[in-house]
Amino acid sequence: MTPVKPLNHVISNCPPSGIRRFFDIAQQMENVISLGVGEPDFVTPWRIREAGIWALEHGHTTYTSNSGLLPLRERICRKLATRYGADYDPVTECLVTVGVSEGLDLSLRVLLNPGDEVIVPEPCYVSYIPGIEFAGGVAVPVKTDSCDGFRLHSERVAEAVTPRTKAILLASPANPTGATQSREDLARLVDLAASNDFYLISDEIYDRLTYVGEHVCLGTLPGARERTIVLNGFSKAYAMTGWRIGYACAPERIATLMTRVHQYTMLCAPNISQFAAIEAIDGAENDVHEMVQDYDRRRRLFVNGLNQIGLDCYEPRGAFYAFPSVRRFGLTSEEFAERLLMEERVAVVPGGAFGPSGEGHIRCSYATSLAQLESALERMDRFTKRLAAA
Ligand code: PLP
């Protein structure tokens, strides 16, 4: 007999990611310029790959301790201390995870009881809302707008707070907008969290890809440490998406429970990737610097180009995304993206994939060569001129 008992209703009701659908279509077409992918176009720097090879050759193919190799945790905490003045104990307050993705999942599972609310500034990274729901929580979006650089207004957050508010989940720099939040706005948020007793989950995966101003590590703000989980990883800054390596830093009482879930569900992050990550911290600073400069050049060229062809785009300050408005063309962001792909073979992601507040925009990743970006701009120019003439 065919089984008929329903599968998990939260997961069954969760729509598939709006990013994947466009990838799948684009992959079956020829001559497509993809601005859809949210990952570096660089290969992992050679010295990091070499460290991975070394680890393989020397038989580091077993599990590591659940929390991760201590020398790696020591380096992570030291790096956070020297760069941002953060203060985390590598033994009790730092956990090596399978990417920031696992760190997000662990944070939500550890913080939430069924029905707890998590405030999410929107538009937001596609995994946040499903992740909250999978952990039994309820996502409460707070709108941010392009007109003021997607600033997160604490008054708007305050309006969304209820007795069930357990946490806020935010990223600065952010995906899909490239927006960063100022130290003052983040401090106001921390005050709000303290006065209403909720936690802060800070996804800082794009910290090194900050082009304007300085990155603020949320856990270092006055009053934040005890209620903040800082998540970060190696995917973006070191071009290591496929190595699946990240980390979480949090006060001991939270880190201990995160480690407990990780211990039962994941055991540990990949051993050879941990060796590679050690080399990334020790030796790849110049590589990071060069990649960041390259992204910044592309950012300036691409964002200027978008504005020149009438795709209004505020200046993204971090990450590697531009999030221009397509409102004036009278199409939904999905229609715009679909026609751009079919008619001009440029793949972008419709803004609605990042929540209703993303509607009216498209996300373009500029983590691709300058030559490709220039061709994409030419094609987009042709496309928008045709739309405007119709
Ligand atoms: N957080 C944000 C904001 C992202 O944009 C991404 C990937 O695109 C992730 C987390 C996932 O990162 P990781 O590869 O470390 O799992």
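Start by selecting β11 and strand β12 (residues 362-365), which pair in the antiparallel sense over two bridges. Two strands count as paired if DSSP finds at least two bridges between them. Strands here are DSSP runs of E with at least two residues, helices are runs of H or I with at least four residues, and both are numbered from the N terminus. Within this pair, look for Pro350, which stands opposite Ile362 in β12.

A word on what you have open: this is a predicted model, where local features need pLDDT of at least 70 and side-chain atom pairs count only at pLDDT 80 or more, while totals for chains, interfaces and linings use all residues. Residues are numbered from 1 along each chain as its sequence is written, and side-chain values use heavy atoms, with hydrogens and water left out.

You get an open sheet of three strands in the order β9-β12-β11, with antiparallel pairing. β9 (321-322) and β11 (349-350) are at the edges with a single partner strand each, so one side of each has no neighbour in the sheet.

Next stop: the other sheet. Seven strands make an open sheet in the order β2-β8-β7-β6-β5-β3-β4, and the pairing is mixed. Its edges are β2 (94-97) and β4 (138-143); each has a single partner strand, so one side of each is left without a neighbour in the sheet. From one strand to the next, the twist averages 20 degrees.

Glu122 has Lys143 in β4 as its bridge partner. Follow the chain from β3 through helix α6 (residues 128-134) to β4 and you trace a right-handed β-α-β crossover (with the strands pointing away from the viewer, the path from the first strand over the helix to the second runs clockwise).

Now pick strand β7 (residues 228-233) and strand β8 (residues 246-249), an antiparallel pair with four bridges. Here Asn232 stands opposite Tyr247 in β8. Show helix α9 (residues 252-265) as well: it lies across β2, β6 (199-203), β7 and β8, at about 30 degrees to β2 (axes are lines fitted to C-alpha atoms, for helices over the stretch in contact, and angles run from 0 to 180 degrees between N-to-C directions).

Last, click on Ser235 in the loop between β7 and β8. Is Ser235 buried or exposed? Ser235 is buried, with a relative accessible area of 6% (buried means under 20%, exposed over 50%, partly exposed in between, using a 1.4 Å probe and protein chains only). Leaving out residues up to four places away in sequence, Ser235 touches Pro40, Ile205, Met240, Thr241, Arg244 and Ile245, where contact means heavy atoms within 4.5 Å.
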